[in-house]
Every structure is written in structure tokens, then in C-alpha cells.
Amino acid sequence: VAQLEAIHDHGHAHDHPDHLGHHWKDSKQQFEAGKLGMWLFLSTEILLFGGLFVAYAVWRANHPEIFAYGSQFLDTNLGGLNTAVLLTSSMTMAMAVTFAARGKMTAVVICLVLTLAGAAGFMAIKYIEYNHKIHEGLLPGMAFYQQPSASHLWLPLDELGHQQEAEAALIAEQESAAFAATTKLESEMPAPPANAEIWTKPLAATGPEGFTDSKLKIETSELRIFLPESVIDKVEDAGPMLNFAEHHTPGEVPHLAHPLQDPLRPVNAQKFFTIYFMMTGLHGIHVIAGGIMIGWLIWHTLRGRFSAGYYTPIDLGGLYWHIVDVIWIFLFPLFYLI
Amino acid sequence: MSNHEYGAVDHIVPVKLLAGTCLVLLVLTAVTVWVAQLDFNILNIPSMNLGVALAVASVKVFIVAMIFMHLRWDRSFIGFTFVVACLLVFLFIGFALTDTSENEPDIIPGNSEPVQRQLDELFANPAPSHGEH
């Protein structure tokens with residue numbers, strides 16, 4: 001307090017706290033005005049994202065199938081984890097404000113550092129997600145229609161590039177719910193569909209001889225493939241399918257073909273990734289800006305600039321951080337949970 | 001001139017309330033993930049999943065704004081600016097969707113010309129498979 005009351009020399013003699021501008025009646029008035037200004041800025045942020053939400057709404061209303069399809073390529077676990085990270089960092093930010101008002105500046109620094117860690121964690125998870133999308137070629141606009149250089153989703157083609165066979169193999173997979181999960185017990189496996197022609201039984205149930213057929217030869221310990229008659233007709237060369245079976249271990253998450261090879265890909269599937277990158281990208285920029293701001297707050301808290309009498313930047317910075325959280329609360333279900 | 005306030009300039013939210021609020025928000029996140037996996041088609045309610053997801057998100061935002069962002073203890077005019085911004089976005093979306101529902105979704109159905117050209121080129125001479133497994 002003595003520090004705050006120190007008379008400073010700028011041409012007049014009365015004393016007032018360093019933080020208080022001359023044109024304010026008192027700290028509370030200054031704080032309230034700053035807060036209103038911050039909320040007006042946050043309102044413009046909502047309107048900024050509002051434009052993108054309108055684009056999302058119109059695109060999805062016109063083509064719900066694009067969103068249902070594209071959403072499959074997002075990892076709900078990572079998205080949910082990011083939601084939890086952001087919510088928790090919002091809590092630590094709010095706690096920083098509480099501790100600041102009580103003058104416990106060490107606790108403020110700890111809370112701000114935790115919040116900054118949340119921001120960094122969010123961006124790290126976002127990086128993992130973006131990295132995956134970029135490697136798979138799940139990109140906005142025309143970039144979506146380039147064959148990815150390294151993809152886990154790209155179905156193996158033979159030397160002649162038998163796209164038709166790959167597509168047929170995929171249809172077989174999708175139509176027949178082909179993959180048993182990790183279970184080895186036949187009784188725990190789903191019953192084969194009524195029109196299945198070929199059914200390889202698990203090793204545990206049938207012994208090591210596997211299964212042989214004139215058209216298809218599939219030997220595997222745990223992998224079962226049900227093929228409807230309609231599919232058998234389409235598959236003239238089972239090469240891609242065998243190739244596929246060799247490269248995928250049983251119990252793996254059922255394969256999702258690359259959209260470009262997927263005959264069930266809706267027209268203009270790239271629009272999902274366009275709006276996904278636009279909205280999460282703009283949000284990510286806000287997270288980075290928020291992280292820089294929190295770093296700034298940590299620096300000035302350590303320098304002893306804030307006290308119980310003056311912590312306006314922490315409070316208003318907190319408001320900004322919460323609005324970043326608020327936007328993500330809507331983005332998460334709109335992209336990941338379709 | 002000496003009537004300076006050196007005490008608290010704002011309501012102080014207890015740490016326990018903040019922690020409890022965060023817990024509620026995390027539970028609501030789990031709820032919304034769970035609801036998204038339910039199949040509402042048997043109830044024959046279109047867009048039920050979307051409606052529930054947005055409702056849960058709205059509740060979460062309400063909680064964040066009221067507790068974390070102090071709106072519960074702030075002057076009502078501050079909450080008013082927030083609500084107005086949200087209403088303007090709803091209005092924007094509402095009018096846009098009204099227009100959308102009155103028009104064909106596609107001007108030209110199917111792939112656009114550059115997309116089709118790209119697809120033809122890609123699968124006419126496919127590169128040897130180099131997928132990583």
C-alpha cells in the first residue's frame with residue numbers, strides 16, 4: 001500500500017495509486033469501464049465466429065451427408081480431451097482472478113502457469129490432429145483431391161493400380177461388418193449375415209487349416225470376412241483384399257478407406273475439412289493469442305505489477321480466455337460428435 | 001480527492017465453487033459425448049442428436065459465463081452486451097437457414113469441373129501403392 005500511495009512526480013502533488021488514470025474517480029470505476037470494454041470486444045469476437053457458424057449451418061443444412069461422412073475422420077477422444085484441457089484451464093484462470101483479488105500473488109502465478117500449460121497442451125493435441133489430417137490429405141479445397149504422400153487410410157493397390165478391386169474390397173468390408181474385434185471366441189462373435197457365402201472361422205475354433213475357396217483364399221487366425229453374393233460378383237481378383245488382410249491385424253479399429261478411394265464418399269466431401277480447418281484454425285489462433293497474453297500476465301505478476309487493489313489485466317485477460325473456451329464448447333459437438 | 005478504494009473492486013468467487021463448476025462442465029462434456037452415440041432414429045425425431053448436443057453446449061456456455069466470467073455478479077448491462085451478441089448470431093443463422101430451406105442445395109449437382117478433372121487424372125494413372133502400415 002505504501003508503494004501505491006507513494007507520491008510520484010508528474011506535475012501535481014496529490015497522491016493516487018500508480019494504476020489509476022487521472023480521469024477515473026476511483027479504482028472501481030476504472031475497473032468497471034475496462035470490463036465493459038473487454039465485454040464489447042468479446043461480443044465482436046462472438047460476431048466474428050458467428051459468420052463462420054452461419055457458413056457451417058448453411059453448408060450442413062444443404063449437405064448433412066458431407067458432415068456425417070467427414071466427422072468420421074476426426075478423433076473424438078482427442079477432441080474430448082482437448083475440451084477437458086480447455087475447461088480445466090478456464091478453471092485455473094478463474095482461480096487466478098480469485099487469488100489476485102485476495103492478494104495471493106504466488107498462487108496467481110501458479111494458476112496462470114497451469115493455464116498456460118493448458119493452452120500449450122491444447123495446441124499440442126491440435127498439432128497431433130492437424131498433422132494426421134495433413135498426412136492423410138484430409139485438407140480443404142482442391143488439396144483434398146491430391147493423393148496423400150503418406151496415408152494409413154490409402155487402400156493398397158497392386159502394380160497395375162486396380163482401383164476397382166480396391167473399391168470392391170472396401171464395399172465388402174463396409175457391407176459385411178467384416179471385422180471381428182479382439183475376441184477369439186466364436187460364441188462372442190457376431191453371427192454371419194444370412195447371405196454370406198464365405199466365412200472364415202477363428203483359429204481357436206477351427207484349427208490351423210484356415211479356409212480355402214475356389215474364388216477367395218483367406219487364411220487368418222482371427223479375421224473373419226463375410227461376403228455377400230453381390231460383392232463376390234464384383235471381386236474378380238482378391239489381391240487387394242488379401243493385401244489388406246495382411247496389413248491389418250485383427251482387433252484393429254475397422255478400416256476407414258481414404259475418401260478418394262471410397263465409393264461412398266459424398267460429392268464435395270472436402271467442404272467438411274474446409275470448414276473444419278477454418279473454424280478450428282481461427283480458434284487455434286485465438287488459443288495462441290491467449291497463450292501469449294497469459295505469458296504476459298505471468299511476467300507482469302512476477303514483476304509485482306499486480307495486487308489485490310489492481311488486477312484488472314488478470315481479470316480481463318481471464319474473460320478473453322473464457323471466450324476461447326466458450327467457442328470451443330460449440331465447436332466440439334459440431335465437428336466431432338456428428 | 002482522497003476517496004480512493006484500495007480494497008476489492010469485484011466480487012470474489014470462492015475457489016471451491018470454481019472447482020465444482022469445472023467438475024460439472026466435465027460431466028456435461030462426458031454426457032454430450034455419450035448422447036452423441038445414441039441412436040434417436042427409433043424415436044423418429046430428426047436432428048435429435050444435434051439438438052441435444054447444442055442444448056448441452058448452451059448449458060455449458062451459460063455456466064462458464066455465469067461463474068467463470070462473473071456475469072452472475074456483474075452489472076446486468078455487461079451480460080446484456082453478451083446476450084445481444086449471441087442473439088445477433090442466432091438471428092444471422094436463422095435468416096440464413098430460412099433462405100437455405102427455400103433453395104436447391106446444389107446449383108450444379110455432382111463434382112465441380114476441376115474436381116472431376118483431378119479425380120480422373122488421379123485414377124487413370126494411379127501411382128504404385130505407397131501406403132504406410
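# Salt bridges, burial and the A–B interface

User: What makes B:Glu113 and B:Arg117 a salt bridge?

Analyst: Their closest N and O atoms are 3.6 Å apart. A salt bridge needs a side-chain nitrogen of Lys or Arg within 4 Å of a carboxyl oxygen of Asp or Glu. The pair therefore qualifies. This is a predicted model: local features need pLDDT of at least 70, side-chain atom pairs count only at pLDDT 80 or more, while totals for chains, interfaces and linings use all residues. Residues are numbered from 1 along each chain as its sequence is written, chains are lettered from A and ligands numbered from 1 in the order in which they are written, and side-chain values use heavy atoms, with hydrogens and water left out.

User: How are B:Glu113 and B:Arg117 placed in helix α4 of chain B?

Analyst: They are 4 residues apart in that helix, residues 113–124, so about one helical turn separates them. Helices here are DSSP runs (H or I, at least four residues), and strands are runs of E with at least two; both are numbered from the N terminus.

User: Is B:Glu113 buried or exposed?

Analyst: Exposed, because its relative accessible area is 62%. Buried means under 20%, exposed over 50%, and partly exposed in between (1.4 Å probe, protein chains only).

User: How do you know which class A:Glu32 and A:Lys28 belong to?

Analyst: A:Glu32 has 14% relative accessibility, so A:Glu32 counts as buried. A:Lys28 has 32%, so A:Lys28 is partly exposed. These two form a salt bridge, with the closest N and O atoms 3.9 Å apart. They are 4 residues apart in helix α2 of chain A, about one helical turn.

User: What makes A:Glu32 part of a network?

Analyst: Salt bridges link A:Lys28, A:Glu32 and B:Arg75. The side chains of B:Arg75 and A:Glu32 meet at 3.3 Å, N to O. The side chains of A:Glu32 and B:Arg75 also make a polar contact at 3.3 Å. That term covers a pair of N or O atoms within 3.5 Å; within protein, one must be able to donate a hydrogen and the other to accept it, and residues adjacent in sequence count only if both atoms are side-chain atoms.

User: Why does the pair B:Asp74 and A:Lys35 join two chains?

Analyst: B:Asp74 lies in the loop between α2 and α3 of chain B and A:Lys35 in helix α2 of chain A, so the pair joins two chains. The closest N and O atoms of this salt bridge are 2.8 Å apart. Both residues are buried.

User: How many salt bridges does the rule find across the interface, and how many over all chains?

Analyst: It finds 2 across the interface of chain A and chain B. The count over all chains is 5.

User: What is the extent of the A–B interface?

Analyst: 82 residues of chain A are in contact with 65 residues of chain B, contact meaning heavy atoms within 4.5 Å. The area buried between the chains is about 6,500 Å², with 72% from carbon and sulfur atoms. Buried area is the accessible area (1.4 Å probe) that two parts lose on being put together, summed over both. The rule also finds 8 residue pairs in polar contact across this interface, both at pLDDT 80 or more. On the side of chain A that touches chain B, α2(A) gives the largest share, 21 residues.

User: Which residues have the most contacts inside the largest nonpolar core?

Analyst: They are A:Ile314, A:Phe335, B:Phe68 and B:Met69, in a core of 99 residues. α11(A) gives the most to this core, with 16 residues. A nonpolar core is a set of buried Ala, Val, Leu, Ile, Met, Phe, Trp, Tyr and Cys residues joined through side-chain atoms within 4.5 Å. Leaving aside neighbours within four places in sequence, the contacts of A:Ile314 include A:Met93, A:Val97 and A:Leu297.

User: What is the phi value of B:His70?

Analyst: Phi of B:His70 is positive, about 70°, although B:His70 is not a glycine. Most residues other than glycine have a negative phi. B:His70 sits in the loop between α2 (48–68) and α3 (76–100) of chain B. B:His70 counts as buried because its relative accessibility is 4%. In chain A, A:Asn268 also has a positive phi, near 60°. A:Asn268 lies in the loop between α9 (239–247) and α10 (270–302) of chain A. At 17% relative accessibility, A:Asn268 is therefore buried.
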